[in-house]
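Before you plan around this model, please look through the points below with the coordinates open.

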Amino acid sequence: MQPLLFEIGQDKDERWSFHYYRDRTASQINSVADQAFWNRLVIQVGYSRDIVRHALVAIGSYHEGVDHLDEGRRSDKHKFALQQYNKSINGILKSSADSDIEEILLSVILFTFFENVRGEWASALAHLQAGLKIYSNWKAAHPAHLPPTEVSTRVDTNIAPVLTQLQLFVTSLLQMIPAKKSRYSTYMPDRFDDLRTARYYFHEVLHAVCAKLQSNHDEFQWPKSDEATLDHGRRLLYRWYDIWQEFLTSAQRTCSCFTPSSTAHFELGMYHMQMQYWIAIIRLECKPFREETSFDAHNDKFQIILDIGSKFCDLYMDRTLTDTAKGCVGFEPHYIPVIGMTTLRCRDPVIRREAIALIRRWQRPEAKCETHAIADVSEEIMLLEEASAGVSNPSAHEIPNDARFHLLGCNPFRWNEATQKFELVYAIEECDLIKFRLIRSGIDPAEQEIEIHWLDRRKQPDSKPLHELPLPHDVTGFFPQTIDGPAMNSKLWSTLGGKKVAMFLERASISHICQCQNCASQNELLTTPEPRVVPVAATVDGVDQPTTLGEPSYITPNAQYIPLASPKAESARFAYVT
Ligand SMILES: [Zn+2]
Ligand SMILES: [Zn+2]
């Protein structure tokens, strides 16, 4: 590597913060990509490309800001960070997606990191979504059968794996992605012709409700809830259920996938939809569902879900039936998200244990470890809640509100015999220790500390007990990582694990009530929008909307809408995502 003699611009503040990133920040980051990405690649590109440099300066300046004890200095540094961040965004709007693809994608990763450490996860998510969109557009224009260019090779080796890993982290952290505003219709036809259509209208309604709850959340902060929207959503789902019942009386249940013909595929799709319906109704009927005790009135519905889930499982574990189900009914039927939700929200000790057992009935080879980890965490939370009830074997109503938990997220670790440390792992199959974060029901998320718990899943009989081993220090978020040595005292991560994050996650879980495939399963969340089958009629606001799919994009700039962030502006988020 050539020595870098070349200096950064003329601006000494930029140079200072760039060096702060290079000399202090870079060595502390080891998430998503190996260290060479953070302490060599981005810095090298930053020397020659303004947009990447401004993004690094923003991170360096933010980091220096949190390191400052002096309030005034800190605020100056953060203001400078936002200015640099906006400069970089402006640079992206002026660049060409094709020739500048590397710089654009690197900047997007850096923006995501910047917003992540600031605890602005909605903005971090918007950046990541835009980046994935740009990458997939670029990929489509450069198909694999064409000879690789220098640029495409670098993108494929250096950047694509980072984006993929980020996407995986984010989808496992945010099972519930906040819906984009007003993209969905609440139109309902008079009849459904098949399962696919029934499912489509069901999720349009539910996503419209989610989008509305998300967009007006600021008016209904804890402990208020937007009862009008919940009530509207409920009436729409009741209507859906009437049409659904009508459909079931006359539907053709056999398909030609099997000889002799069978109703198995239809039943899988039907059970799937019925579980989706009941869990959605429970959420919509628990008006102030920030009080976990409000779920107790719905134990009868949890029982219905469990009965359907059990019939579903009888069919689902037979792979000769299920491997072809998606092609036949038009969607992937599943049961884990709904039953997983039952294990967390239903406090009836019998139903809850049966729900956990139902998750453990998963014996399909794919996702088996992950599924069983979900059951283990659910069981642990159940035992924690029951233990703090103050009586033995408590019934649902004997578990007080503030002894009930919201699960905020899990990080998996594996013991490394060579280093004698637990290391953060990316795939849950490999994990033998799970760290999970909880907040309590009935207490303002802005007023409580996140509680940390550990679940030991090590199987080796000669394992040392957990309390004799060093537990890992880690940070959560879009860029989870373990922290070692001097970095343990770093303030770079000070926002993560704090109240801002708890509030964001609570907001996501309050306004997102859907357990559909796109909302609840990993990988598909960020890149594959649901195919539209009908034009939009009206939104949940009752206002007609155009049918454009408003994916964020950096490539269609409209520069006059870009505000320069001021320190008063909460953040520069969405500045270029119109
Ligand atoms: Zn079939
Ligand atoms: Zn959904």
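1. Val 32 is found in the loop between helix 1 (12-25) and helix 2 (35-48), where helices (H or I, at least four residues) and strands (E, at least two) are DSSP runs numbered from the N terminus. Its phi is near 70°, a positive value in a residue other than glycine. Val 32 counts as buried because it has 23 C-beta neighbours inside 10 Å; a residue is buried if 20 or more other C-beta atoms, placed from the backbone, lie within 10 Å of its own, exposed if 12 or fewer, and partly exposed in between.

2. On provenance, this is a predicted model, in which local features need pLDDT of at least 70 and side-chain atom pairs count only at pLDDT 80 or more, while totals for chains, interfaces and linings use all residues. Residues are numbered from 1 along each chain as its sequence is written, and chains are lettered from A and ligands numbered from 1 in the order in which they are written.

3. Gln 420 also has a positive phi, near 55°, and is a residue other than glycine. Gln 420 sits in the loop between strand 1 (405-416) and strand 2 (421-424), and it is exposed, with 10 other C-beta atoms within 10 Å.

4. Two peptide bonds deserve a check, since most peptide bonds are trans. The bond from Trp 222 to Pro 223 is cis, with omega near 0°, and Pro 223 lies in the loop between helix 8 (195-215) and helix 9 (227-250). The bond from Thr 259 to Pro 260 is likewise cis, with omega near -10°, and Pro 260 belongs to the loop between helix 9 and helix 10.

5. Helix 8 and helix 10 pack at an angle of about 20°, with their axes 11 Å apart; axes are lines fitted to C-alpha atoms over the stretch in contact, and angles run from 0 to 180 degrees between N-to-C directions. Helix 8 is therefore roughly parallel to helix 10, a term for angles under 35 degrees.

6. Helix 14 (residues 336-345) is mostly covered, with 9 of its 10 residues buried, including Pro 337, Ile 339 and Arg 345.

Terms used: Parallel < 35°, antiparallel > 145°, perpendicular 65-115°, else oblique.
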